[in-house]
Amino acid sequence: MTSLQAAQGGIQQQLGTLSVVGWAGEYGDGRDMAFLLVFSLGDGAGTREETVAAMRQLAESTGLTVGGDILDATSAGRQFPVTALVEGGQVALTMPKMSVQYSTPPEWVAAAHDRGHVYFLLATQPWPQVRLGNEIQQDALREFLSEEVLSTSAHCLLPVRRLAR
């Protein structure tokens with residue numbers, strides 16, 4: 001379920017390895033939402049507090065608000081530095097300092113296309129329990145997404161982009 005991107009140099013040394021995980025789930029209206037979470041494995045050069053500060057800096061430099069309302073980047077014509085291109089069972093997530101392709105399950109793609117957007121979260125809290133190459137189980141994901149983690153994350157609705165046909 002994870003797709004990883006190693007970060008290097010400057011603030012990126014503090015970020016450590018960034019990882020992406022996606023899932024689909026009901027979102028209060030009976031329809032599935034495609035969720036996409038970016039988090040650090042906490043394996044950067046600094047302390048946990050420095051990783052949190054670096055993730056907060058990454059969020060804010062991207063125009064995201066940590067711990068605030070959900071930013072709606074789906075407005076027509078709005079330019080936003082974070083994009084989600086969904087094609088062929090994958091999402092290409094691009095943001096400043098990071099670009100990653102993530103293979104998504106069919107239910108995630110269906111939810112993304114049905115709604116026309118994805119719910120993007122950038123967690124400032126690291127998740128060091130995740131191991132490279134291992135799948136993230138639903139119970140572990142639910143446990144990580146505690147009230148503390150959610151309240152210290154940036155939340156954003158990103159429009160689903162597709163290749164021109």
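So, Thr-83: in this predicted model, it stands opposite Thr-94 in strand S6. Thr-83 belongs to strand S5, residues 83–87, and S6 covers residues 90–95. The two strands pair in the antiparallel sense, over five bridges. Together they make a hairpin with two residues between the strands. Look at Gly-88 in that turn: its phi is positive, about 55°.

Which residues sit on its covered face, and which on the uncovered one? Ala-84 and Val-86 are on the covered face, while Thr-83, Leu-85 and Glu-87 are on the uncovered one. S5 also has a partner in strand S9, and there the two strands run parallel, joined by two bridges.

Beyond its neighbours within four places in sequence, His-155 is in contact with a set of residues including Thr-65, Asp-69, Leu-121 and Leu-150. Phe-120 is on that list too.

And Phe-120 is worth a click. Leaving out residues up to four places away in sequence, Phe-120 touches, among others, Leu-36, Val-38, Val-82, Leu-93, Cys-156 and Leu-158. Phe-120 is also one of the residues with the most contacts inside the largest nonpolar core, which has 52 residues.

One more residue, over in strand S2, residues 17–26: Gly-22. Gly-22 has a relative accessible area of 1%, so it is buried. Gly-22 and Pro-105 are 83 residues apart in sequence, yet their C-alphas are 8.4 Å apart in space.

Last thing, confidence. Mean pLDDT for the chain is 87, and 90% of the residues reach 70 or more. Where does pLDDT stay under 50? Over residues 1–9. The model does have 33 contacts for that stretch beyond four places in sequence. But where pLDDT is low, the predicted coordinates should not be read in detail.

Methods. Residues numbered from 1 in each chain as written. Predicted model: local features only at pLDDT ≥ 70, side-chain atom pairs only at ≥ 80, totals over all residues. Heavy atoms only, no water. Contact = heavy atoms within 4.5 Å. Buried < 20%, exposed > 50% of the residue type's maximum accessible area, 1.4 Å probe, protein only. Helix = DSSP H or I, 4+ residues; strand = E, 2+ residues; numbered from the N terminus. Pairing = 2+ DSSP bridges. pLDDT = per-residue confidence, 0-100. Core = buried A, V, L, I, M, F, W, Y, C linked by side-chain atoms within 4.5 Å.
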